[in-house]
Amino acid sequence: PIVIIITGPARSHVIASEAGVVKRTGYMRGFGRYVVVNHGNRFLTVYSNLMVVNVKEGDRISKGGAIGLISDDRTLHFQIDYAGKPRNPLEYLPGKS
């Protein structure tokens, strides 16, 4: 998969998978509110379908820092890009514990 869908309770916190700088926030039809975080070394993460965005462009965010709130439909769309190309997030995220 290029984008994974993460489910959770509506309005729960969405947290950064890694430290970085907020590159972009906005709204896009079909994706809802979104946040793009630049992690350096050509890696970006994209969090979309957010109900609320708690960061703004240029903000530094730590790993585990709050980005926003998950939407009422209880789904978060998560994507990892490397060098401008989408990658399979499951290859980068830790396994279930």
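1. Buried means under 20% relative accessible area, exposed over 50%, and partly exposed in between, with a 1.4 Å probe and protein chains only. By this scale Y92 is partly exposed, at a relative accessible area of 37%.

2. The model is predicted: local features need pLDDT of at least 70 and side-chain atom pairs count only at pLDDT 80 or more, while totals for chains, interfaces and linings use all residues. Residues are numbered from 1 along each chain as its sequence is written, and side-chain values use heavy atoms, with hydrogens and water left out.

3. There are three aromatic pairs in the structure. Rings of Phe, Tyr and Trp (its six-membered ring) pair if their centres lie within 6.5 Å; planes under 30 degrees apart count as stacked, over 60 as edge-to-face and the rest as tilted.

4. F43 and Y82 have ring centres 4.7 Å apart and planes at 45°, so this pair is tilted. F43 belongs to strand β5 (residues 43–53) and Y82 to strand β8 (residues 75–82), so the pair ties together parts 39 residues apart in sequence. Strands (E, at least two residues) are DSSP runs, numbered from the N terminus. Relative accessible area is 24% for F43 and 29% for Y82; F43 is partly exposed, and Y82 is partly exposed.

5. For F43 and Y92 the ring centres are 5.5 Å apart and the planes at 75°, so the pair is edge-to-face. Y92 lies in the segment after β9 (85–87), 49 residues from F43.

6. Ring pairs link F43, Y82 and Y92 into a cluster. The charged end of R42 sits over the ring of Y82, 5.9 Å from its centre (NZ of Lys or CZ of Arg within 6 Å of the ring centre and within 35 degrees of the ring normal).

Definitions and conventions
Helix = DSSP H or I, 4+ residues; strand = E, 2+ residues; numbered from the N terminus.
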